[in-house]
Amino acid sequence: MTYNQEKLGAFVVPTGVGASIGGYAGDASVYARKFSEVSKLIVNPNVVNAGCFSGITPSMLYTEGYTLDSFFKGEINLIPSCNNKIGIVYDKAIPQDVLNVHINTQNAVKTVYGVDIYAYEITEEDAGVEFYVTDEGISTGTVNNISTIENTCEKLINKGCEAIAIVCLFKDDNDNESYANGLGVDPVGGVEAIISHDISQKFKVPCAHSPAFIDYQIYPDLINPKSASEYITPTFLPCILLGLSQAPKITTDKNIGIGIDNLDFLVMPYNSLGSTPVYEAIKRNIKTFA
């Protein structure tokens, strides 16, 4: 079940479930990188995203959650790619000073890493993102105007963009002490997944989301190392740009690229085994490690 004579695995940590490894800021990266030394490795953004850092390596395939489920169901194949043309969607609600920080960030990533940031667009209306953690400890939220994000994505794709980064304004969360201490769930991760799932489903392009906060001051207190990378930067944009740069393209043509039949193994948190990737892997006799 190898692809181009190499083993192929998937290392997936669902967003917003409070995983003790992979539930924070790129804290699963060190483990995923060990797997990627011995095989090609499909990872979801939550595994390697770490604010201004990224755990991505050239042997990893950065793949968003909805696309992952489609891949495991055998609905699509993944075509390895590098230096994708990235389009960035900015929420109209983002104040100008915060937007300037993000534009400076995208230009820095382009200059330092050579990432092809092809274009950016601002939505015509506010996206209206709200996020919260349920009583059961699950991160989720709502997007009141997803259509304005969709319309802006369409503009960028029509310009020739091959992957989409989305930056929406999130109202600052002042009650985040548990997450900072390495105990709670990432409060923004759930609604970020809702946004990226919608865009992936509608446009069949790689995408990822980064939140923008009005308060972009650096957090001065000592916190848990697992959360630290998100508290030393005013923007989380670099990690998704680095990941999207080498995200695989998506195709329904089963004769090209990587299909589910090429997968050798799956690694998932033990409390996330009731998920689509696990059911589909077991159905196909793909080794699954909890």
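How many aromatic pairs does the structure hold? Seven. Rings of Phe, Tyr and Trp (its six-membered ring) pair if their centres lie within 6.5 Å; planes under 30 degrees apart count as stacked, over 60 as edge-to-face and the rest as tilted.

This is a predicted model: local features need pLDDT of at least 70, side-chain atom pairs count only at pLDDT 80 or more, and totals for chains, interfaces and linings use all residues. Residues are numbered from 1 along each chain as its sequence is written, and side-chain values use heavy atoms, without hydrogens and water.

**Stop one.** Select F35 and F265. They make a tilted pair, 5.8 Å centre to centre with 35 degrees between the planes. F35 sits in helix α1 and F265 in strand β14 (residues 265-267), 230 residues apart. Helices (H or I, at least four residues) and strands (E, at least two) are DSSP runs, numbered from the N terminus. F35 is partly exposed at 30% relative accessibility; F265 is buried at 10%. Buried means under 20% relative accessible area, exposed over 50%, partly exposed in between (1.4 Å probe, protein chains only).

**Stop two.** Select Y219 and Y231. This pair is edge-to-face, with 5.0 Å between centres and 65 degrees between planes. Both residues lie in the loop between β12 (207-212) and α8 (237-245), so the pair ties together parts 12 residues apart in sequence. Y219 is partly exposed at 37%, whereas Y231 is buried at 13%.

**Stop three.** Return to helix α1 (residues 29-36) and pick V30. V30 is partly exposed, with a relative accessible area of 46%.
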